[in-house]
Amino acid sequence: MTRPVVLIAEELSPATVEVLGPDIEVRSVDGTDRPALLAAVQEADALMVRSATQVDAEVFAATTQLKVVARAGVGLDNVDVAAATTAGVMVINAPTSNITSAAELAVGLILASLRNIARADASVKAGKWERKQLTGVELLGKTVGIVGFGRIGQLVAERLAGFGVHLLAYDPYVNHTRAAELGARVVELDELMRSADVVTVHLPKTPETTGLIGAEQFALAKPNLHVINAARGGLVDEDALYQALTTGQIAGAALDVFTSEPPAASETASRLLELDTVTLTPHLGASTAEAQEKAGIAVARSVRLALAGELVPDAVNVAGGAIDDLVRPGVALADRLGQLFTTLAGEAPTLVDIIVRGEIASRDVSALKLSALRGMFRSVVTEQVSYVNAPVLAKERGIAVQLETEETSERFRNVVTIRGTLRDSTVVTVSGTLSGVEQAHKLIQVGEHALDVPLSEHLLVIRYDDGPGLIGQYGARLGEAGVNIAGMQVSRAGDSQGSEALVILNLDESVDRELAERIGAAIGAHSIHTVDLVY
């Protein structure tokens, strides 16, 4: 019997190769040597990479034998997941391999910032002995605010328990029971910023979270506050942080991540290098021997499962079974609707109904439920969301999920709807369909508003009381910012002026949160949301 071939394109640990076992033929290639990679992949059943090898449509076009691409790490920036899906190739990563390392670094940065460890090290090495100038503060008895209470945030909470701190948590999707078990009290962001002596950030980076800790939040803070960011660059507004530190508004900061890396390449971030009150590290969150080893071993195990035809928990683009040909085009639509739902809801629902109507409802549409959940959690957690772990993430947050099917649909051939009930009984609903030969994604309903608008990559969703001149106001502000409107639709709840209007703007590029807030304030919007959809 011919052994399957696993092609390793970057250096992996001996333990990783050992996990693959003797029943798999292991070959090696330099993944940065493009011609060599394209030649070697032709005979490979699986390809294992780290971050240097670019796995794109050209790679998939070079082979008909490849079944799996495994990235020994968390991110997938170097793997074209959409092209892999089109080629029928499973993509695997190691989503939890670095969470302990990231949590431990955050705790280390807290201590380094409070006790001036980096400054003290540099001082002694410079031949000085500045004990008085480098006096720090104890962590005991302090209030630590954890912004983002997912897996890493919870690990930080567990590790801080032994320091005798008071824990606050901010996360719209947090499970309050789990937070209480870890000794954390769930609060709104403003209360956390007012109360905390230390704030540590553990969120994914999205349009909603970019710049989440900015000038308004620093204005609420105590002057002894230390801010820690070992999650994603840009979650803490670097301009606002610089101002807060140089004016004495807060006491210190420690950063492992930056909007532009390395920070010396950015005028904004480079100013932070000049401050003694800032401790900086070069994106070391996952840089431990253990994290690298865990990543390699985890993906090697997943590759073995995939080649054996078994369920792969860390597959990011496979639902765990065959998908009906009629249902398959709706998988990406459900994912995007899930992303839109999360942005509009702004918090965790208690109940989610995923409703499929039309001729596909007679088929197995469980993949649509999984895809909708995957979309919902993409911007909520820091780890990669797969079809397998998405239901687990919902259960961890106390979200009940139901799938409903109905074989008739009035307006469209097939419709996918996500309807979520929030804690205050508010119901948020989004519906979409596939249109035309190309099966283009269409948004057909938001709440009570009927629509027929492309579900494009960049959207701006605004609710406001309808009145003359308002469209011109937000159109002008987008134009001044150089943002082109590719299309738009306005839906009004009532027949008269003054009724609530919902506008969906299709944009050629993303709108940052600051611009969106200015537009919302100018027209008195009830709500305004920037949505950047991916698949």
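Me: In which helix does Asp 190 lie?

Reply: This is a predicted model, in which local features need pLDDT of at least 70, side-chain atom pairs count only at pLDDT 80 or more, and totals for chains, interfaces and linings use all residues. Residues are numbered from 1 along each chain as its sequence is written, and side-chain values use heavy atoms, with hydrogens and water left out. Helices are DSSP runs (H or I, at least four residues), numbered from the N terminus. Asp 190 belongs to the one covering residues 189-195, helix α9.

Me: Is Asp 190 buried or exposed, or partly exposed?

Reply: Buried means under 20% relative accessible area, exposed means over 50%, and partly exposed lies in between (1.4 Å probe, protein chains only). The relative accessible area of Asp 190 is 37%, so the residue is partly exposed.

Me: How far apart are the closest N and O atoms of Arg 34 and Asp 56?

Reply: A salt bridge is a side-chain nitrogen of Lys or Arg within 4 Å of a carboxyl oxygen of Asp or Glu. Arg 34 forms such a bridge with Asp 56, and the closest N and O atoms are separated by 2.5 Å.

Me: How many residues apart in sequence are the parts that Arg 34 and Asp 56 tie together?

Reply: Arg 34 lies in helix α2 (residues 34-40), whereas Asp 56 lies in the loop between β3 (46-49) and α3 (57-61). The pair therefore ties together parts whose separation in sequence is 22 residues.

Me: Which residues are linked with Glu 158 in a network of salt bridges?

Reply: The side chains of Glu 158 and Arg 159 meet at 3.6 Å, N to O. The network joins Glu 158 with Arg 159, Arg 178 and Glu 181.

How values were computed
Helices (H or I, at least four residues) and strands (E, at least two) are DSSP runs, numbered from the N terminus.
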